[in-house]
Amino acid sequence: MKLRNDVLPAEQVYAILANERRRRAIEQLSSVGGTVSVNELSTLVARRETGETPPPKRCRESVYTSLVQTHLPKLAEAGVITYDRESQTLELSRRARDVRLYTEILAPGGATWSELYRALAVGSLLVVLAALLDVPLVSAVDPMLWTSLALGAFAAASAAQLWVNRFSVLRQLRLR
C-alpha cells in the first residue's frame with residue numbers, strides 16, 4: 001500500500017503505532033540514531049518499560065522475542081526500518097519520518113502539538129474573559145490587545161510546528 005513518492009498512508013501508520021512496544025522501539029531508535037543491535041534495542045525498550053537499569057532479564061528476553069518475531073518484521077515490511085536478520089542489526093529508514101510525524105513530541109515533558117494548542121486556547125480564553133470581567137491587573141490591558149497577543153501566540157506555535165515538520169509539509173505539497 002504505497003502512495004506517490006513512497007509516503008506511508010495514514011492507515012498503515014496507525015497500524016504501526018497501534019502497538020505500544022513498536023512505538024517504544026521507534027522512539028528508542030530515534031533517540032539513539034544510527035545502527036543498533038537487536039539486543040541493544042531490546043535492552044533500551046525493556047528499560048523504558050520497567051524504568052529499571054538494567055532491566056530485569058526476563059523482561060528483556062520477552063521484549064527481544066516479541067521484537068524479533070513480530071515487531072521488527074512488521075516495521076521492516078513497512079519500510080520504517082532496515083533490518084539485517086543475519087547480523088541482527090537495524091536502523092531507522094527515511095520512511096520513519098512518516099511515522100514520527102504522528103508521534104511528534106514538543107518537549108521532554110511530553111507535550112504534544114495538540115496539547116500545546118489546547119493549552120493556548122484555554123489560557124487565551126481565560127485571560128480575555130478576565131479582562132472583560134474587570135479582574136484586577138488583567139483588566140488594565142485592553143481585551144483587544146490580549147486577543148491580539150493570543151493570536152500572535154497561535155501564529156508563533158503554528159510557525160514553529162511548520163518549521164519542525166517542514167520537510168514533510170514540502171513533500172506533501174509536491175504530491176498534489
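Guide: Helices and strands are here DSSP runs, with at least four residues of H or I for a helix and at least two of E for a strand, numbered from the N terminus. The model is a predicted one.

Visitor: Which pattern does the chain follow when read along the sequence?

Guide: By that assignment, the chain has 8 helices and 3 strands. Taken in sequence order, these elements give the pattern α-α-β-α-α-β-β-α-α-α-α.

Visitor: Among contacts between residues at least 6 apart in sequence, what percentage join residues at least 24 apart?

Guide: Contact is taken as heavy atoms within 4.5 Å. Among the contacts in the chain between residues at least 6 apart, the share that joins residues at least 24 apart is 54%.

Visitor: Which residues does Ile16 touch, not counting residues up to four places away in sequence?

Guide: With residues up to four places away in sequence left out, Ile16 touches Leu8, Arg22, Ile26, Leu75, Ala78, Val80 and Val99.

Visitor: How many residues apart in sequence are the parts that the aromatic pair ties together?

Guide: The count comes to 1 aromatic pair. Tyr117 and Phe154 form this pair, with 6.3 Å centre to centre and 5° between the planes, and it is stacked. Tyr117 lies in helix 6 and Phe154 in helix 7 (residues 143-164), so the parts tied together are separated in sequence by 37 residues.

Visitor: Is Phe154 buried or partly exposed?

Guide: Buried would require under 20% relative accessible area, and exposed over 50%. Phe154 has a relative accessible area of 25%, so the residue counts as partly exposed.

Visitor: What is the area of the nonpolar surface patch that includes Leu129?

Guide: Leu129 is found in helix 6 (residues 113-132). Patch residues need over 30% relative accessible area, and Leu129, at 39%, counts as partly exposed. Together with Leu125, Leu132, Leu133 and Val135, Leu129 makes a nonpolar surface patch of about 490 Å².

Notes
Residues are numbered from 1 along each chain as its sequence is written. This is a predicted model: local features need pLDDT of at least 70, side-chain atom pairs count only at pLDDT 80 or more; totals for chains, interfaces and linings use all residues. Side-chain values use heavy atoms; hydrogens and water are left out. Patches are made of residues with over 30% relative accessible area and no salt bridge: like charges are joined within 9 Å, nonpolar side chains (Val, Leu, Ile, Met, Phe, Trp, Tyr) within 5 Å. Accessible areas come from the Shrake-Rupley method with a 1.4 Å probe; for residues, only the protein chains shown count as cover. A salt bridge is a side-chain nitrogen of Lys or Arg within 4 Å of a carboxyl oxygen of Asp or Glu. Buried means under 20% relative accessible area, exposed over 50%, partly exposed in between (1.4 Å probe, protein chains only). Rings of Phe, Tyr and Trp (its six-membered ring) pair if their centres lie within 6.5 Å; planes under 30 degrees apart count as stacked, over 60 as edge-to-face and the rest as tilted.
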